Amino acid sequence: MHSALTELDVTEAFRVVDLAGVLCNGILGASIARQRRFDIVGFVVLGVASGLAGGVLRDVMLNTRPVAITDPAYLFTALAGALVALIFAIDGRRWRWPLLVIDALALGCWAATGTIKAQLAGLGLLSSLFLGVITAVGGGMVRDLCLGQVPAVLGGSTLLATPAAAASLAVLLTPAPARPTWGMAIGIVVGSGISLSSRRLGWALPTADPDAGVHLSRQQLRALMRRSERAGARRAGHVVPRHDRDDDVDS
């Protein structure tokens with residue numbers, strides 16, 4: 001009996017973190033609507049997308065009814081976050097870190113939740129990790145797409161998908177019976193810890209250098225094409241004109 005009550009308390013604690021993340025992301029999404037001078041529809045769309053889209057994507061992939069629809073608390077919480085951003089200007093230094101901390105905790109919680117749900121649905125390890133990451137970053141991706149922006153998760157910012165993947169992996173490395181409790185807790189700690197550290201220290205994954213690679217001048221490119229043509233002519237048994245050979249030496 002005591003064990004059952006303890007497990008129930010832990011589940012409720014995770015639910016509180018989950019809903020706090022929905023509220024926080026609802027506020028963050030709707031705050032962008034305030035910056036863009038959107039109307040109330042824009043506040044609602046961005047707030048709900050930021051807070052709930054990741055879980056909706058996960059549930060759709062699992063072929064189940066989204067929790068955002070079956071549990072009114074989630075939609076109500078996302079709308080409450082949008083309303084808070086509509087009434088109050090949530091900006092400045094005093095708001096930044098409290099929101100970032102809640103957001104980081106939610107990222108770890110959502111990644112762990114997505115991973116556990118995928119495992120309960122009988123999916124493999126890689127698929128479970130993928131769904132955990134989608135759950136954690138899906139809301140931000142949908143919000144950015146609604147704004148016509150490249151999703152921040154694709155790069156050029158602090159780590160987003162990496163903390164989510166680490167949280168999912170931590171859950172998968174936990175023994176199966178302990179995943180809904182200890183696995184969830186470890187996933188939240190790992191995901192939020194990496195997320196906050198990356199923001200604090202400016203960690204980011206290496207990006208591709210568009211200037212990297214081999215660069216040829218126009219003259220070098222023409223010489224390379226002539227050499228290719230002469231090589232083909234030799235294989236075909238044709239005679240290569242002398243001036244072409246002289247050009248090859250000059251280049």
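The legends below describe close-up views of a predicted model.

Residues are numbered from 1 along each chain as its sequence is written. Local features are given only at pLDDT of at least 70 and side-chain atom pairs only at pLDDT 80 or more, whereas totals for chains, interfaces and linings use all residues, and side-chain values use heavy atoms, with hydrogens and water left out.

**View 1. Overall make-up of the protein.** The protein has 10 helices and 0 strands; both kinds of element are DSSP runs numbered from the N terminus, a helix being H or I with at least four residues and a strand E with at least two. From the N terminus on, the order of elements is α-α-α-α-α-α-α-α-α-α. Of the 251 residues in the protein, 37% are buried. Buried stands for under 20% relative accessible area, exposed for over 50%, and partly exposed for values in between, with a 1.4 Å probe and protein chains only.

View 2. Gln-35 belongs to helix H1, residues 2-35. Gln-35 counts as exposed because its relative accessibility is 62%. Asp-91 is 56 residues away from Gln-35 in sequence, and the two C-alpha atoms are 9.9 Å apart in space. Arg-37 sits in the loop between H1 and H2. Its phi is near 60°, a positive value in a residue other than glycine. With a relative accessible area of 78%, Arg-37 is exposed.

View 3. H2 covers residues 40-61, and its 22 residues should span 32 Å at 1.5 Å a residue. The expected span is 1.5 Å times one less than the number of residues. The end C-alpha atoms of H2 are 30 Å apart, which agrees. A kink of about 55° is centred on Leu-52, the bend at a residue being the angle between axes fitted to the seven residues ending there and the seven starting there.

**View 4. The loop after H2.** Asn-63 lies between H2 and helix H3 (67-70), in the loop. Just after H2, this residue takes a positive phi of about 60°. Asn-63 counts as exposed, at 72% relative accessibility.

View 5. H5 has 28 residues and reaches 41 Å from its first C-alpha to its last, close to the 40 Å expected. Ala-106 lies in this helix, residues 93-120. Ala-106 counts as buried, since its relative accessibility is 0%. Cys-24 is 82 residues from Ala-106 in sequence, yet their C-alpha atoms are 8.6 Å apart in space. After H5 comes Gly-122, whose phi is positive, near 90°.

**View 6. The second largest pocket.** This pocket holds about 160 Å³ of space. On a 1 Å grid over the protein atoms alone, a pocket is an open set of points where a 1.4 Å probe fits, with protein on both sides within 12 Å along at least five of seven lines; lining residues have an atom within 4 Å of a point. Grid points are joined across faces, edges and corners, and the volume is the space filled by probe spheres set on the points. Of the 15 residues that line the pocket, Val-153, Gly-155, Ser-157, Leu-159 and Leu-205 are the closest to its centre. The lining has 9 nonpolar, 6 polar and no charged residues. Ala, Val, Leu, Ile, Met, Phe, Trp, Tyr, Cys and Pro count as nonpolar, Asp, Glu, Lys and Arg as charged, and the others, Gly among them, as polar.
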